[in-house]
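Visitor: Could you walk me through this structure, feature by feature? I would like to learn how each kind of feature is read.

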Amino acid sequence: MHKFVKSALLTGAAFSALAAPAAVAQAQVSEQPSATQVEEVIVTARRREESLREVPVAVTALSSERLELTGAADVTVLQQQTPNATVQVARGSNSTLISFIRGVGQQDPLWGFEPGVGLYIDDVYVARPQGAVLDIFDIERIEVLRGPQGTLYGRNTIGGAIKYVTSRLAPEPELILRGAVGSYGQVDLIASGSAPLGDTFRIGGAIASYNRDGFGENLTTGADHYDKDVLAARFSAEWAPTADLFFRFAYDRVEDNSNARHGHREVAGTAPGSDVLPSIYDTRAGLGDDNSVETEGLSLTAEWTINDLLTFKSITARREGNTDTVIDFDGTPSPILDIPAYYADDQFTQEFQLLFNGARWQGVAGVYYLDGHAEGAFDTILGNLGVSIGNGGFVDTESYAVFADFNFDLSDRLRLAVGARYTEDEKTGFVNRATYLGVGQTPLTGGPAATPLVQNTLYTNTRSFSQFTPRISVSYDLTDDLTGYAAFSQGFKSGGFDMRGDATATPDTVDGYDPETVNSYELGLKGYAFDRRLTFSSALFYSDYQDQQVTTQVPTATGIASFVDNVGASTIYGAEFEGSLWLTDFLTANFAVGYMEAEFEEFIRYNLTTMQYEDISDLVVVQNAPRWSGYLGLTWMGDVMGGQLAVTPSVSYRGDFSQFEFPNPILDQEGYALVDLSAVWTSPDRRWQLALHGKNLTDEEYRTGGYNFPGAVFGDSISAFYGPPRTWTAALQVRF
């Protein structure tokens, strides 16, 4: 089946590629879109509204309508519909987000480590990944910007950016109620609405409750495993006192009380309860099921249209989060390798923008400030060694940036865009790592007071990092419907401190690690063909990834050593093709294909035995970088029972990939396909909507993450985390 899926996706890509010359040959196009023409897509990839066709950036834009028709539950659906992207729940968590785009990202969500793909909620940067697996409700669209976005977005967008854009409040009173039931006891309830209070002021919001029994069970405690218990809310107020002024205050909160998620043992051990369970969703974890994640944020956006040329915009925001969780690495009732942990963070950001809109030039310039604090503590309880290792600390970050990005119409068809950003980061890190005699929680996580057996690490250090990141592109309209572009951009992610660092094993850890950079070169072709029945975007890219930050933990005789190194360099290149095609008046196809080659040119690692650094690039691979990824969905729309019925079967494919830089045949995932089916009926007045969504209909078993701690001391704790099984959901929505 996988070969068939790949062939189908490649055939679709080849067909669409052949359509591009047809677009060049077109002499005339329709002035107005017909019922079978793809509508123009508007995005804000460059912080201003533009046609997707004219933006010299690789962007996947998914509207709320498209997400609704495919039954998208949360942002992890982006992995299926975006070429060369990994967007999934982090190992050992329920709502922590892990993202890679074009092979660039960060798997470790520990405080102090920063993502390589930036997440934005209405232009507000979300610094921490905890609670960032956002459920999809009350949104306008999601944009995925592929490749480094170091000019306009800057902070930690070395791989790309995900923009979660919520809906503006409706001008008329509105109330929408939605309920859903499904497999594994799923019950979801969502209410959203808005109301004008006078001619210039509106209020609105949404609240959502998501509940589901577990896909499996903790056989030791009897609790559900892989369940869902989430309450999310979003409220906003909008005020437009004049035609030139607009203010928006927004507040959001997520509470995730789903049970802790432990891995499935992939190999049997010798300890009681260390067998390989038949169900990949079951566990025998004895550490418990307590888990709590709370995140919230508020923002104030102000826009002032000074005149036809200038608009001033201010975005002020504060966010904070708290997580208490446990991860039982060994998956047995015994405390062989148990990790209780907590995380806490807060951030304040301020951004000022000045947008320009001239007759033949447009652009934006601005300044950005971030003041962030992230802290936490966790224990590594090693029952077979009779010790517990406590890790605790914090990282304070202060970041300043100035940026500008402008595009100029050199002629009616030729455009030049130039941009740059200068960033200064200052980070202060405190790391405390100590080994305590005995099995149980250490003082760092609330255990009883005790004197360390060994004080492995105890230091405070401050480092500053700065970087100039440019971008330049040239685009040319080959026809009224076809645009080609060439672009160069640079991404930057600042250095930091390893919160797990063991100074007794790796003395250099107290110095921290350096920034990493990506130089990206891109050629793209976008446009319409076949009288605008087809819209497509394509890109060829080449990335030179330098000073790459890689995090690994290595089992040792006395515990676990952590490395965060600037390992060297890798080369990543590939191609992407995506779009939509009206096949008939009733049938539309959406497709995406990604191809990627990634390899390390240099990988420098500290040898614990020789105490020397050595190049082991011939032993490693780039993680989360499948060679092929693809999506094909067909949507049929027709009149049924007086309303409109939309039926969407789809298939997504993800090729072989490694979970870590060091390949592991037990944990690495072979290529797999997911087959989904959705049917949505909408009444003629759009008041009523009935939907049925089936996910993973072939019940594919596929790994999304894992831990690798072999050896008798660690109970051969090689465990994996899996994506959801086959599920069905039925939903009813009514508008008032």
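**Salt bridges**

Guide: The structure holds 41 salt bridges. This is a predicted model, in which local features need pLDDT of at least 70 and side-chain atom pairs count only at pLDDT 80 or more, while totals for chains, interfaces and linings use all residues. Residues are numbered from 1 along each chain as its sequence is written, and side-chain values use heavy atoms, with hydrogens and water left out.

Visitor: What counts as a salt bridge?

Guide: A salt bridge is a side-chain nitrogen of Lys or Arg within 4 Å of a carboxyl oxygen of Asp or Glu. Here, Glu238 and Arg248 meet through their side chains in such a pair (3.3 Å, N to O). Glu238 belongs to strand 16 (residues 228–239) and Arg248 to strand 17 (residues 245–256), so the pair ties together parts that are ten residues apart in sequence. As for the term strand, helices (H or I, at least four residues) and strands (E, at least two) are DSSP runs, numbered from the N terminus.

Visitor: Are Glu238 and Arg248 buried or exposed?

Guide: Buried means under 20% relative accessible area, exposed means over 50%, and partly exposed is in between (1.4 Å probe, protein chains only). Both Glu238 and Arg248 are buried. Now take Arg253 and Glu255, whose side chains form a salt bridge at 2.9 Å, N to O. Arg253 counts as partly exposed because its relative accessibility is 22%, and Glu255 is partly exposed with a relative accessible area of 24%.

Visitor: Which distant parts of the chain does the pair of Glu266 and Arg703 link?

Guide: The side chains of Glu266 and Arg703 meet in a salt bridge (3.3 Å, N to O). Glu266 is in the loop between strand 18 (264–265) and strand 19 (292–305), and Arg703 is in strand 38 (residues 703–709), 437 residues apart. Glu266 counts as buried at 17% relative accessibility, and Arg703 is buried with a relative accessible area of 17%.

Visitor: Which residues are linked in a network of salt bridges?

Guide: That network links Arg47, Asp123, Lys163, Lys313 and Glu351.

**Strands and sheets**

Visitor: How should I read strand pairing?

Guide: Strands of a sheet pair through backbone hydrogen bonds, either parallel or antiparallel. Two strands are taken to pair if DSSP finds at least two bridges between them. Strand 7 gives a case of each kind. With strand 10 (residues 160–166), strand 7 pairs in the parallel sense over five bridges, and Tyr120 stands opposite Lys163 in strand 10. With strand 8 (residues 124–126), strand 7 pairs in the antiparallel sense over three bridges; the bridge partner of Ile121 in strand 8 is Val124. Strands 7 and 8 form a hairpin with two residues between them, and Asp122 in the turn has a positive phi of about 50°.

Visitor: Why is strand 7 largely enclosed by the rest of the structure?

Guide: Five of the five residues of strand 7 (residues 117–121) are buried, so the strand is largely enclosed. Both of its faces are covered, with Val117, Leu119 and Ile121 buried on one side and Gly118 and Tyr120 buried on the other.

Visitor: What is the strand order in the open sheet of three strands?

Guide: The order is 4-5-6, with antiparallel pairing. Strand 4 (85–89) and strand 6 (104–105) stand at the edges, each with a single partner strand, so one side of each is left without a neighbour in the sheet. Strand 5 (residues 97–101) is joined to strand 6 by two bridges, and Phe100 has Gly105 as its bridge partner in strand 6.

**Single residues and their contacts**

Visitor: What does Ser570 touch?

Guide: Contact means heavy atoms within 4.5 Å. Not counting residues up to four places away in sequence, Ser570 touches several residues, including Asp544, Tyr545, Gln548 and Phe600. Ser570 is in strand 31 (residues 568–582) and is buried, with a relative accessible area of 0%.

Visitor: And where is Gln81?

Guide: Gln81 lies in helix 3 (residues 78–81), and at 3% relative accessibility Gln81 counts as buried. Leaving aside neighbours within four places in sequence, its contacts include Thr60, Arg66, Glu578 and Tyr631.
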